[in-house]
Each structure stands twice: as structure tokens, then as C-alpha cells.
Amino acid sequence: METSQAPGPAIRVRGIEKSFKDLQVLRGVEFDVRSGSVFALLGSNGAGKTTLVRILSTLLKADAGTASVNGFDVAAQPGRVRESISLTGQFAAVDEVLTGRENLVLIARLRHLKDPGAIADDLLARFTLTEAGNRKASTYSGGMRRRLDIAMSLIGNPPVIFLDEPTTGLDPQARLEVWQTVRGLAAGGTTVLLTTQYLDEAETLADRIAILHKGTIIQNGTLAELKALLPPAKLEYVEKQPSLEEVFLALVEGGGIDSATGGRADGTVQAGKEIQ
Ligand SMILES: Nc1ncnc2c1ncn2[C@@H]1O[C@H](COP(=O)(O)OP(=O)(O)O)[C@@H](O)[C@H]1O
Ligand SMILES: [Mg+2]
């Protein structure tokens with residue numbers, strides 16, 4: 001079943017375990033991501049989201065368990081997995097000295113693709129960067145830079161893309177821009193696994209949400225399924241559906257959320273709420 005023709009899940013994770021010395025980070029993680037869907041891996045800081053993404057993108061070996069991406073086993077066929085994916089991390093891999101267009105052309109050349117200029121122009125148009133294409137990336141806003149970074153990671157049309165906290169550190173406008181980008185990817189049939197510590201991001205973007213807590217997936221479902229875990233809060237005569245935030249807090253029992261301000265420890269004001 002693990003062939004490129006198999007119509008199975010785009011990502012399949014079974015019993016993945018990973019420790020760093022005495023620290024057991026992943027203790028048997030299991031989930032599937034349907035091809036063409038957006039899957040949000042939600043977890044607090046330090047929950048192990050990046051560790052799992054690094055295992056799935058072949059940068060790190062698991063201690064136990066199996067995983068496949070695009071039908072290829074991450075341990076046995078790492079080269080085929082790498083051909084199938086792109087990975088965008090928290091820190092944009094954009095070269096600031098180059099223009100947006102030059103950044104894209106550079107990557108297309110590195111991948112030995114035909115007509116790098118046309119590929120670059122197409123991506124600039126898709127990411128609403130055509131006008132800014134001939135400006136140095138150093139003049140770009142945070143949102144533009146992250147969009148360019150995601151555009152760069154799409155060169156070669158990988159069917160699966162990992163976005164590790166794609167909006168952490170972005171201002172509210174830039175977050176909205178990145179959200180639009182992710183929606184566009186999903187609409188184009190790309191499978192997206194994104195990690196986030198922002199509940200509203202998962203709520204807005206994801207077809208399915210899995211909560212990674214204490215090394216395992218403690219819940220996995222659609223937003224409606226997760227909300228159905230809690231009974232509607234009864235007001236006097238109005239039924240109020242629980243928010244994802246309430247579901248999350250009930251599940252992880254007392255992870256604190258700075259719901260008053262949505263403020264980050266570094267003082268940056270964020271539109272979304274962050275799990276501390
Ligand atoms: N290379 C490493 N060596 C030792 N500890 C690590 C390493 N990578 C991650 N960790 C630890 O593993 C835990 C999970 O980290 P990480 O996967 O980065 O979490 P998240 O991305 O959810 O914030 C953290 O406690 C972190 O300090
Ligand atoms: Mg991380």
C-alpha cells in the first residue's frame with residue numbers, strides 16, 4: 001500500500017516516539033492527513049510539534065513507529081519523501097539582498113527546472129507579489145516576506161507542504177495574508193500540515209485539528225467534532241456552542257491562556273490567542 005499510486009492518506013503517522021536523552025517528547029503519535037486537506041497540529045510551546053515535523057520531513061529519525069508521506073516511508077525512502085514535500089519554518093529563508101523575483105529564480109535554478117523566469121512570474125502573480133517582484137526583499141513587510149518564503153517552497157509543485165508555525169511573530173494584517181495563502185494552497189489541491197499555537201488559526205484554516213499534548217494526540221477531529229466534545233454552555237435561554245479555546249482548555253486541563261490581551265511574552269500584540 002505504500003506506493004506512489006496508492007490513494008491512501010497523504011500523511012500517515014503510527015506510534016511515533018522520540019526522546020531527547022531523558023525527555024520523552026513524542027510517546028506514540030498517530031494520525032492520518034487526507035490528501036488535499038489542511039491539517040492543523042495544535043499544541044503549546046514545547047509540545048513537540050517541530051520535532052514531529054522534522055521527523056516527517058526526514059530531518060530527524062524517530063526512535064520508534066512509522067510514518068509515510070505521499071506514500072513513501074520516511075525512514076526507508078527519505079529521498080522520495082523529500083521530493084514530495086516542502087518545509088517552511090518559522091524563520092523566512094528569503095535572501096534579503098535579492099529581489100523577490102530573483103529569490104524565486106534562484107530556487108528554480110537550484111532545482112534545475114526549465115524556464116525559471118516564467119516559474120518566478122507565475123508564483124509572484126499567485127502570491128500577489130507581482131508589483132513588488134523587482135524590489136529587494138529587505139523592503140518587504142513581514143507578511144510579504146512570509147508569502148515569498150511560502151512561494152519559494154512551492155517551486156517544483158510538492159504535493160505536501162509543512163508549515164511550522166507560519167504566522168508566529170507576524171502582525172495581524174500579515175497573518176491574514178498568510179491565511180489567504182494557505183487557503184489558496186488548499187484550493188489548489190496541496191496537502192497542508194500546519195503547526196500552530198494559535199487556536200483561531202486552527203479554527204479558521206483547518207479541515208481537521210489534532211491536539212498534541214504530553215507526547216500524544218489527545219483529540220483529532222473536525223472543528224465541529226471537537227466542539228461537540230463539550231456540551232453547549234447553557235445560558236438562561238440561549239445555547240452557546242463551546243469555542244475551540246474552551247474545548248482545548250478542558251482537554252489539556254488548565255493550560256493558561258492570556259485571553260484578555262492575546263499578548264505574547266515578548267510584548268508583541270497578536271490578533272490571536274496564544275497557548276502559553
Ligand atoms: N535537538 C534537541 N535536543 C534536546 N531537546 C530538544 C531538541 N529539540 C527539541 N527539544 C525539546 O523537545 C521539546 C519539544 O520541542 P519542539 O518540538 O520544538 O516543540 P514545539 O515545536 O511544539 O514548540 C522541547 O522541550 C524542546 O526543548
Ligand atoms: Mg516549534
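Which strands does helix α5 (residues 142–153) lie across? Helix α5 lies across β6 and β7, running at about 160° to β6. Axes here are lines fitted to C-alpha atoms, for helices over the stretch in contact, and angles run from 0 to 180 degrees between N-to-C directions.

**Ground rules**

This is a predicted model: local features need pLDDT of at least 70, side-chain atom pairs count only at pLDDT 80 or more, and totals for chains, interfaces and linings use all residues. Residues are numbered from 1 along each chain as its sequence is written, while chains are lettered from A and ligands numbered from 1 in the order in which they are written.

**Whole protein**

Show the cartoon. The protein has 9 helices and 12 strands. Both are DSSP runs numbered from the N terminus: helices are H or I with at least four residues, strands are E with at least two. Of the 276 residues, 42% count as buried. Buried means 20 or more other C-beta atoms within 10 Å of the residue's own; exposed means 12 or fewer, and partly exposed lies in between, with C-beta atoms placed from the backbone. Among contacts with a separation of 6 or more, 63% join residues 24 or more positions apart. A contact needs C-beta atoms, placed from the backbone, within 7 Å.

**Stop 1: the six-stranded sheet**

Select β6, β7, β8, β3, β9 and β10. In that order, these 6 strands form an open sheet with mixed pairing. Two strands pair if DSSP finds at least two bridges between them. The edges are β6 (85–88) and β10, each pairing on one side only. Neighbouring strands of this sheet are turned by 15° against each other on average, direction ignored.

4 bridges join β6 to β7 (residues 160–164), and the two run parallel. L87 has F162 in β7 as its bridge partner.

Move to β3 (residues 38–42). 5 of its 5 residues are buried, so β3 is largely enclosed by the rest of the structure.

Now check the neighbours of β3. β8 pairs with β3 in the parallel sense over 5 bridges. L42 stands opposite T196 in β8. L42 also has a bridge partner in β9, I211. 4 bridges join β3 to β9, again parallel. L41 is partnered there by A210.

Go on to β9 (residues 208–213). 5 of its 6 residues are buried. β9 pairs with β10 (residues 216–221) in the antiparallel sense over 5 bridges. L212 stands opposite I217 in β10. The two strands form a hairpin with 2 residues between them, and K214 in the turn has a positive phi of about 50°.

**Stop 2: the four-stranded sheet**

Select β2, β1, β4 and β5. This open sheet of 4 strands has the order β2-β1-β4-β5, with antiparallel pairing. Its edge strands are β2 and β5 (72–73). β1 (residues 11–20) and β2 pair over 8 bridges. One to find: R12, with D32 in β2 as its bridge partner.

**Stop 3: helix α1**

Select residues 49–56. How many of the 8 residues of helix α1 are buried? The count is 7 of the 8, so α1 is largely enclosed by the rest of the structure. They are K49, T50, T51, L52, V53, I55 and L56. α1 lies across β1, β2 and β4 (64–69), at about 120° to β1. α1 also packs on the six-stranded sheet. There it touches β3, β7, β8 (191–196) and β9, and its direction makes about 155° with that of β7.

**Stop 4: ligand 1**

Show F20, L23, V25, G43, N45, G46, A47, G48, K49, T50 and T51: they surround ligand 1, each with its C-beta atom, placed from the backbone, within 6 Å. β2 (23–33) and α1 are the elements that give two or more residues. α1 gives the most, with 3.

**Stop 5: the cores**

Finish with the largest nonpolar core, of 50 residues, where F39, A40, L56 and V69 touch the most other members. Such a core is a set of buried Ala, Val, Leu, Ile, Met, Phe, Trp, Tyr and Cys residues joined through C-beta atoms within 7 Å. A second, separate core of 21 residues includes V94, L123, A137 and I150.

Technical notes. Two residues are in contact if their C-beta atoms, placed from the backbone, lie within 7 Å.
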